[in-house]
Amino acid sequence: SSSDRGGGLKFDAGKPQARLLREGVPRALKELDKVLTFGARKYAAHSWQHVENGLERYQDASYRHDAARNLGEVIDPETGCYHRAQHIINELFLLELELREAGINGTD
């Protein structure tokens, strides 16, 4: 009944629960924020979206950070950020670019 819901209605069944990411991995997200902040200071905020041949270049960067981590280097000496965080950011850039190319809307 509506009294069980406090009288209000919200039709969100089946929608993604965005809080799960933020509440579940706050430390990891903070490290990703550090990577993005470094990039924004070195280049410009969101400039990654306009890099020529982005799919190829971000894939290469992702592989480089993953390889460095696999060779035992945890922290990138240039940025002071975790290689794993930089690897993940590059993968997020790739996913975003792929979704855009596929015409996927951010509100889907």
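## The largest pocket

The largest pocket holds about 1,100 Å³ of space. The model is predicted: local features need pLDDT of at least 70, side-chain atom pairs count only at pLDDT 80 or more, and totals for chains, interfaces and linings use all residues. Residues are numbered from 1 along each chain as its sequence is written, and side-chain values use heavy atoms, with hydrogens and water left out. On a 1 Å grid over the protein atoms alone, a pocket is an open set of points with protein on both sides within 12 Å along at least five of seven lines, whereas a cavity is a set of points where a 1.4 Å probe fits but cannot get out; lining residues have an atom within 4 Å of a point. The volume is the space filled by probe spheres set on the points, which are joined across faces, edges and corners.

Of the 37 residues that line the largest pocket, W48, Y58, I89, N90 and F93 are the closest to its centre. Elements giving two or more residues to this lining are α2, α3 and α4, helices being DSSP runs (H or I, at least four residues; strands are E, at least two) numbered from the N terminus. Helix α4 supplies the largest share of the lining, 10 residues. By residue class, the lining divides into 19 nonpolar, 11 polar and 7 charged residues; Ala, Val, Leu, Ile, Met, Phe, Trp, Tyr, Cys and Pro count as nonpolar, Asp, Glu, Lys and Arg as charged, and the others, Gly among them, as polar.

## The aromatic cluster

A search of the whole structure finds 2 aromatic pairs. Rings of Phe, Tyr and Trp (its six-membered ring) pair if their centres lie within 6.5 Å, and planes under 30 degrees apart count as stacked, over 60 as edge-to-face and the rest as tilted. W48 and F93 form a stacked pair, at 4.1 Å centre to centre with 5 degrees between the planes. This pair links distant parts of the chain, 45 residues apart: W48 lies in the loop between α2 (26-42) and α3, and F93 in helix α4 (residues 83-101).

Y58 and F93 form an edge-to-face pair, at 5.1 Å centre to centre with 80 degrees between the planes. Here too the pair links distant parts of the chain, with Y58 in helix α3 and F93 in helix α4, 35 residues apart. Together, W48, Y58 and F93 form one aromatic cluster. Both W48 and F93 are buried, buried meaning under 20% relative accessible area, exposed over 50% and partly exposed in between (1.4 Å probe, protein chains only). F93 counts as buried because its relative accessibility is 11%, and Y58 is buried with a relative accessible area of 12%.

## Surroundings of H65

H65 lies in helix α3 (residues 54-70) and counts as buried because its relative accessibility is 13%. The H65 side chain makes a polar contact of 2.9 Å with the side chain of Q86; such a contact is a pair of N or O atoms within 3.5 Å, where within protein one must be able to donate a hydrogen and the other to accept it, and residues adjacent in sequence count only if both atoms are side-chain atoms. Leaving aside neighbours within four places in sequence, H65 is in contact (heavy atoms within 4.5 Å) with D76, H83, Q86, H87 and N90.

H46 is found in the loop between α2 and α3, and its phi is near 65 degrees, a positive value in a residue other than glycine. H46 counts as exposed, at 55% relative accessibility.

N53 is also found in the loop between α2 and α3. Phi of N53 is near 55 degrees, again a positive value in a residue other than glycine. N53 is partly exposed, with a relative accessible area of 48%.
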